[in-house]
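Please read this note with the model open beside you. The points go from the whole chain to single residues.

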Amino acid sequence: MRADAPNVPPVIDVEAELNYWRQRHADGAMGPGSFGHFVPWIKFACDSLITHPRASNEQREEAFQTQYALQIMPRLTEAQARAFIEQVWDHVYVSSMIQSADRPRLIA
């Protein structure tokens, strides 16, 4: 593994992540908007780890930029989507017991 590639958890349960964030939204922790605004970014965050486990932060940033550009009517600003993806990654890593310092980061 390259030195700049983060250590990815061996198992990422996308449904568990969706459920976790759905509950956080229901609890009012994610603002008044629709939970549906967050779903694509939860899936992107998980998918980027699953399909490209050895990607560098720069490659993840490029994938994020491409994904954001493909949004027809994004409901989150680029900054909001970026921050939320990093929150999802934090939760994935906390759930997997891998140190959060080892998780990927988007770079702007």
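1. Helices (at least four residues) and strands (at least two) are DSSP runs, numbered from the N terminus. Read in that way, the protein chain follows the pattern α-α-α-α along its sequence. The count is four helices and zero strands.

2. Keep in mind that this is a predicted model. The mean pLDDT of the protein chain is 89, and 89% of its residues reach 70 or more. Confidence is highest in helix H1 (residues 14–26), at a mean of 97, and lowest in helix H4 (residues 78–96), at 93.

3. Two figures describe the chain as a whole. Of the 108 residues in the protein chain, 39% are buried.

4. How do H2 and H3 pack, and at what angle? Helix H2 (residues 39–51) and helix H3 (residues 57–70) pack at about 145°, and their axes are 11 Å apart. Their crossing is right-handed. From H2, the residues in contact are Trp-41, Phe-44, Ser-48 and Leu-49; from H3, they are Arg-60, Ala-63, Phe-64, Gln-67 and Tyr-68. Sorted by class, this contact of H2 with H3 has six nonpolar residues, two polar and one charged.

5. Ser-48 deserves a separate look. This residue is in helix H2. Is Ser-48 buried or exposed? Ser-48 counts as buried because its relative accessibility is 7%, and the cut-off for buried is under 20%. A polar atom of the Ser-48 side chain lies 2.9 Å from the backbone oxygen of Ala-45. Leaving aside residues up to four places away in sequence, Ser-48 touches Pro-53, Arg-60 and Trp-89.

6. Glu-17 sits in helix H1. With a relative accessible area of 5%, Glu-17 is buried. The Glu-17 side chain makes a polar contact with the side chain of Trp-21, at 3.0 Å. Which residues does Glu-17 touch, not counting those up to four places away in sequence? They are Ile-42, Cys-46, Val-88, His-91, Val-92 and Ser-95. Take His-91 from that list: Glu-17 and His-91 are 74 residues apart in sequence, but 8.1 Å apart in space, C-alpha to C-alpha.

7. Where is Phe-35 found? Phe-35 is in the loop between H1 and H2. Phe-35 counts as buried because its relative accessibility is 13%, again with under 20% as the cut-off. Not counting residues up to four places away in sequence, Phe-35 touches Leu-18, Trp-21, Arg-22, His-25 and Ile-42. Trp-21 is also the partner of Glu-17 in the polar contact at 3.0 Å, and Ile-42 is also among the residues that Glu-17 touches. From C-alpha to C-alpha, Phe-35 and Gln-23 are 9.7 Å apart in space and 12 residues apart in sequence.

How values were computed. Residues are numbered from 1 along each chain as its sequence is written. This is a predicted model: local features need pLDDT of at least 70, side-chain atom pairs count only at pLDDT 80 or more; totals for chains, interfaces and linings use all residues. Side-chain values use heavy atoms; hydrogens and water are left out. Axes are lines fitted to C-alpha atoms, for helices over the stretch in contact, and angles run from 0 to 180 degrees between N-to-C directions. A crossing is left-handed if the near helix is turned anticlockwise from the far one by less than a right angle, and right-handed if clockwise. Contact means heavy atoms within 4.5 Å. Ala, Val, Leu, Ile, Met, Phe, Trp, Tyr, Cys and Pro count as nonpolar, Asp, Glu, Lys and Arg as charged, and the others, Gly among them, as polar. Buried means under 20% relative accessible area, exposed over 50%, partly exposed in between (1.4 Å probe, protein chains only). A polar contact is a pair of N or O atoms within 3.5 Å; within protein, one must be able to donate a hydrogen and the other to accept it, and residues adjacent in sequence count only if both atoms are side-chain atoms. pLDDT is the predictor's confidence in each residue, from 0 to 100.
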